[in-house]
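Welcome! Here is a short briefing for anyone meeting this protein for the first time. Please keep the sequence and the 3D view open as you read.

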Amino acid sequence: MRAALVILLLVLLWPTSSRGQAAPAARTWGDWTAWGDQGQGTYLNPVVPGDYSDLDCIRVGDDYYAISSTFQFSPGMVVLHSRDMVNWTSKGHVISDLTQIGAELNWDKMNRYGKGVWAGAIRYHAGKFWVYFGTPDEGYFMSTAPTAAGPWTPLHSVLKEGGWDDCCPFWDEDGQGYFIGTNFKDNYKIHLFQLTPDGRDLVRESDKVIYQSKGSEANKLYKINGYYYHLFSEVKAEGRALMMERVRNIYGPYEPARQLSHAEKQFKEPNQGGLVQTPKGDWYFLTHHGTGDWSGRIMSLLPVTWLDGYPILGEVGPDGIGRMAWSGKKPVLNTPVVTPQSSDEFNDTKLPVQWEWNYQPRPEKWSLTEKKGWLRLHAYQPLEPDNLLKAGNTLTQRTMRTSTNEVIVRLDLRGMADGQRAGLCHFASPHSSSLGVVREGATRKLEFKTGNEATAGPTLMGNSLWLKSTWGLDGKSQYFYSLDGKTYKPFGQPYQMAWGSYRGDRLGLYSYNNKAEAGYVDVDYFRYNYSRPKR
């Protein structure tokens with residue numbers, strides 16, 4: 001009766017939001033002229049218009065931590081930090097060496113596009129951080145750390161079996177640990193296990209299937225007001241939607257699953273994330289938009305309204321089911337505007353946390369100390385001739401989708417060898433483009449490439465070269481070059497960034513040699529500016 005009365009009120013009051021504010025008009029997808037922290041205690045979604053997929057989020061004290069899947073990129077499983085769930089920066093990574101997962105993620109294999117590190121969960125238990133995650137081929141893994149920045153323990157294999165994804169641990173008040181995950185190779189059955197006392201392994205004889213439906217995954221477990229809540233997503237006629245079932249006894253039987261939000265394909269199906277309660281008692285859901293485009297699966301923050309004992313995500317509709325909320329009140333006021341790190345002058349002795357290699361790099365083939373204040377990328381032969389996607393030691397960052405975006409790099413070419421190529425690139429396998437230098441014999445020339453198609457440019461006589469890429473909300477990159485760092489000339493056709501292998505576009509610095517293990521390029525700086533929230 002109570003739920004029916006609440007829904008009746010929502011029908012009468014719609015489109016007034018559940019928090020007493022006028023519901024904002026829906027935004028046109030990708031038109032992020034404004035995003036994130038808007039000042040005066042409000043925010044606009046997305047809170048981060050970059051590829052932060054498969055999110056989970058927790059609060060520890062007054063700090064919020066999130067993790068995001070990284071697939072074949074190394075270091076793996078990025079850890080993010082925020083004081084308010086709106087302003088985020090990178091804190092570090094859980095996995096320093098992807099070969100702990102398997103040899104196919106190393107520079108000499110490069111055989112895991114679209115695979116590698118998939119969704120996981122982060123929890124704080126017994127005075128330390130715990131991260132569990134799955135890979136579709138190798139199974140489940142876990143690691144712990146005293147702080148979110150690390151150091152993280154070497155990976156431990158929780159389940160050595162392919163075909164599983166989207167796992168989450170949970171510890172009850174009595175200290176007993178549980179683990180939930182989807183066996184997608186067995187018709188998406190969701191299994192619940194007990195954990196061993198150290199949290200490192202599954203008690204296999206405790207296995208119980210607690211749910212199964214079309215595409216059921218994105219699992220999280222919570223205990224709230226005496227109920228065990230199982231959050232997950234499944235594929236309905238309208239698309240992938242978030243669901244929840246609850247129970248007093250964790251092994252069931254569970255109450256019928258309830259839909260928490262509509263799929264809303266026009267908004268790319270927000271569907272995987274974490275429920276978080278603030279110290280004041282308010283609830284939010286940090287999520288990605290699950291249908292990717294060239295910018296990847298971006299991050300939004302949805303307010304949560306509890307309705308008849310269930311957390312409804314976003315704006316509560318007349319049917320009692322959530323819809324996308326494009327703005328809201330900041331969970332915490334008077335926090336500074338910060339955004340994910342980008343630019344790098346290469347003045348440190350280690351790479352900052354914004355960088356991720358495409359696959360596990362060959363460590364002796366790059367250096368921040370051989371030429372102080374520069375990144376040196378040594379060249380070696382790719383696994384396939386002249387294939388950027390099979391060339392090791394490409395250093396990457398996420399591409400942001402904002403009104404104006406500009407990347408400028410300065411290269412020193414004097415160390416390049418015959419057969420070497422080096423420069424600036426965009427890619428999302430199987431798509432790629434690049435502007436760089438090719439050396440043939442004693443001659444160095446500018447070269448623009450899209451996939452396997454190359455356009456030769458002018459001969460380069462000097463040792464210094466500046467490269468630039470610019471793009472806007474449409475994701476069309478235009479490359480430029482300069483011989484003096486002041487005057488830039490466009491070169492090559494505009495490149496439409498693309499979605500590929502479950503990833504949005506990546507920016508990269510590359511250096512490889514089709515003929516021999518020879519040559520290097522030095523990078524003075526990587527200056528990456530994008531439109532940020534303004535107060």
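What follows is a tour by topic, from confidence to rings, charges and the backbone.

This is a predicted model. The mean pLDDT of the protein chain is 95, and 95% of its residues reach 70 or more. The stretch to treat with care is residues 1–23, where the pLDDT is below 50.

**Confidence**

- Over residues 1–23, the model has 32 contacts beyond near neighbours in sequence.
- Where pLDDT is low, the predicted coordinates should not be read in detail.

**Aromatic rings**

- The count of aromatic pairs comes to 38.
- One of these pairs is F73 with F427: the ring centres are 6.2 Å apart and the planes stand at 45°, so the pair is tilted.
- This pair links distant parts of the chain, with F73 in strand β5 (residues 73–74) and F427 in strand β32 (residues 420–428), 354 residues apart.
- F73 is buried, because its relative accessible area of 1% is under the 20% cut-off.
- F427 is buried as well, with a relative accessible area of 2%.
- To see an aromatic cluster, pick out W130, Y132, Y140, W164, W171, F179 and F193, which form one together.

**Arginines over tyrosine rings**

- R527 lies over the face of Y525, at 3.5 Å from the ring centre.
- R532 is placed over the face of Y530, and here the figure is 3.8 Å from the ring centre.

**Salt bridges**

- Side chains of opposite charge can pair when their charged atoms come close.
- The structure holds 35 salt bridges.
- D37 and K330 form one of them, with their closest N and O atoms 2.8 Å apart.
- Another salt bridge joins the side chains of D137 and K115, at 3.7 Å from N to O.
- D137 sits in the loop between β9 (128–135) and β10 (139–145), and K115 in the loop between β7 (88–95) and β8 (120–125); the two are 22 residues apart.
- D137 counts as partly exposed, at 32% relative accessibility.
- K115 is partly exposed too, with a relative accessible area of 33%.
- D137 and K115 also belong to a network of salt bridges that links them with R112 and E138.
- E370 forms a salt bridge with R376, and their closest N and O atoms are 3.4 Å apart.
- In this pair, E370 counts as partly exposed at 43% relative accessibility, whereas R376 counts as buried at 13%.

**Cis peptide bonds**

- N45 and P46 are joined by a cis peptide bond, with omega at about 0°.
- You can find P46 in the loop between β2 (42–44) and β3 (56–60).
- The peptide bond from G252 to P253 is cis, and its omega is near 5°.
- P253 has its place in the loop between β18 (239–247) and β19 (258–259).

**Positive phi angles**

- M85 has a phi near 70°, a positive value in a residue other than glycine.
- Look for M85 in the loop between β6 (76–82) and β7.
- M85 is buried, with a relative accessible area of 0%.
- D166 is not a glycine, yet its phi is positive, at about 50°.
- The place of D166 is in strand β12 (residues 164–171).
- D166 is buried, with a relative accessible area of 5%.

Key
Residues numbered from 1 in each chain as written. Predicted model: local features only at pLDDT ≥ 70, side-chain atom pairs only at ≥ 80, totals over all residues. Heavy atoms only, no water. pLDDT = per-residue confidence, 0-100. Contact = heavy atoms within 4.5 Å. Phe/Tyr/Trp six-rings, centres within 6.5 Å; stacked < 30°, edge-to-face > 60°. Helix = DSSP H or I, 4+ residues; strand = E, 2+ residues; numbered from the N terminus. Buried < 20%, exposed > 50% of the residue type's maximum accessible area, 1.4 Å probe, protein only. Lys NZ or Arg CZ within 6 Å of the ring centre and 35° of its normal. Salt bridge = Lys/Arg side-chain N within 4 Å of Asp/Glu carboxyl O.
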